[in-house]
Amino acid sequence: MRSDNHSTSGGPLTDFILLGVSDRPWLELPLFVVLLVSYVLAMLGNIAIMLVSRLDPQLHSPMYIFLSHLSFLDLCYTTTTVPQMLFNMASSEKTISYGGCTVQYAIFHWLGCTECIVLAAMALDRYVAICKPPPRYAIIMHRSLCQQLVAVAWLSGFGNSLVQVVLTVQLPFCGQQVLNNFFCEVPAMIKLSCADTTVNDTTLAVLVGFFVLVPLALILLSYGFIARAVLRIQSSKGRHKAFGTCSSHLVVVSLFYLPAIYMYLQPPSRYSQEQGKFISLFYSIITPTLNPFIYTLRNKDVKGALRRLLARIWKLCRS
């Protein structure tokens with residue numbers, strides 16, 4: 001940490017204060033309950049999808065390899081931020097250490113960029129599944145390729161996070177310790193700094209633009225080809241089945257990308273911390289909570305696998 005990251009007392013900056021909704025005390029209890037329930041649901045839902053994708057032989061296809069990684073990402077997403085938020089809401093102190101803050105936004109950006117690429121890989125899988133005959137699908141989307149795509153996603157996300165951390169830890173804060181957010185996030189850190197943040201703003205916009213817009217363009221291109229192929233299907237049942245396999249993914253993509261685009265791809269001068277903190281709350285807890293239910297409610301294979309898993313657990317409990 002640079003020597004100019006100091007507190008008002010002249011010593012080293014050791015803590016940040018996460019404002020959250022401290023300025024609205026009446027909102028803390030209901031928000032605490034919503035976050036706690038959402039976190040429990042997110043944990044249960046994503047762990048269940050990871051388990052059935054791993055244990056059920058019928059879910060060993062590429063689609064569920066990507067889905068299990070998406071669930072793992074969502075699980076890590078919520079665990080990175082929500083426990084700290086719950087602790088702060090239940091406590092009179094709303095602090096987080098400088099080191100804890102750095103780790104939090106480093107992991108958060110790593111996971112976010114990784115998820116962008118995983119969602120793009122899932123769109124590619126749906127394109128190959130619908131637009132190519134079954135034998136070619138198995139040849140193209142083999143297990144090794146899926147693992148390589150996932151590895152690229154994780155490594156690319158880590159590279160982006162590393163750049164953001166290196167730039168952000170060099171920012172001086174001149175005694176400013178109050179973050180108008182629920183957790184530590186790079187845009188909020190940049191906004192808090194007392195130095196010229198042009199390099200940080202530009203780097204953030206370029207890297208996030210690349211990791212958001214390029215995968216999103218590939219997703220939209222994939223679904224353009226999928227829509228054309230589906231419209232050529234003669235039977236209405238076949239079209240309905242094809243759309244059904246893609247609709248869940250499209251909903252998840254919308255829930256993830258729309259808040260991210262609003263949050264990160266607007267000019268720094270228009271960035272509002274008040275709006276930003278509630279939008280970040282949405283994609284850090286609401287989206288990971290909804291994703292498992294979106295996939296299970298509209299996917300017969302996952303629902304069947306969950307029933308089989310629950311039946312096995314019930315038998316083990318009774319024996």
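The structure is a predicted model.

**The sheet.** Begin by selecting strands β1, β2 and β3. They form an open sheet of 3 strands, in the order β2-β1-β3 and with mixed pairing. The edge positions belong to β2 (95–97) and β3 (178–179); each has a single partner strand, so one side of each is left without a neighbour in the sheet. Next, select β1, residues 15–18, together with β2: the two strands pair in the antiparallel sense over 3 bridges.

**A buried residue.** Turn to helix α2, residues 62–90, and select Thr81 within that helix. Is Thr81 buried or exposed? Thr81 has a relative accessible area of 0% and is therefore buried. Display also Gln104, Phe108, Phe183 and Ser284, which Thr81 touches when residues up to four places away in sequence are not counted.

**The surface patch.** Finally, select Leu29, Val33, Val37, Leu41 and Phe293. These residues form a nonpolar patch on the surface, and together they have about 430 Å² of accessible area. Helix α1, residues 25–55, supplies the largest share of the patch, 4 residues. Val33 lies in helix α1; because its relative accessible area is 43%, Val33 counts as partly exposed.

Key:
Residues are numbered from 1 along each chain as its sequence is written. This is a predicted model: local features need pLDDT of at least 70, side-chain atom pairs count only at pLDDT 80 or more; totals for chains, interfaces and linings use all residues. Side-chain values use heavy atoms; hydrogens and water are left out. Patches are made of residues with over 30% relative accessible area and no salt bridge: like charges are joined within 9 Å, nonpolar side chains (Val, Leu, Ile, Met, Phe, Trp, Tyr) within 5 Å. Accessible areas come from the Shrake-Rupley method with a 1.4 Å probe; for residues, only the protein chains shown count as cover. A salt bridge is a side-chain nitrogen of Lys or Arg within 4 Å of a carboxyl oxygen of Asp or Glu. Buried means under 20% relative accessible area, exposed over 50%, partly exposed in between (1.4 Å probe, protein chains only). Contact means heavy atoms within 4.5 Å. Two strands pair if DSSP finds at least two bridges between them.
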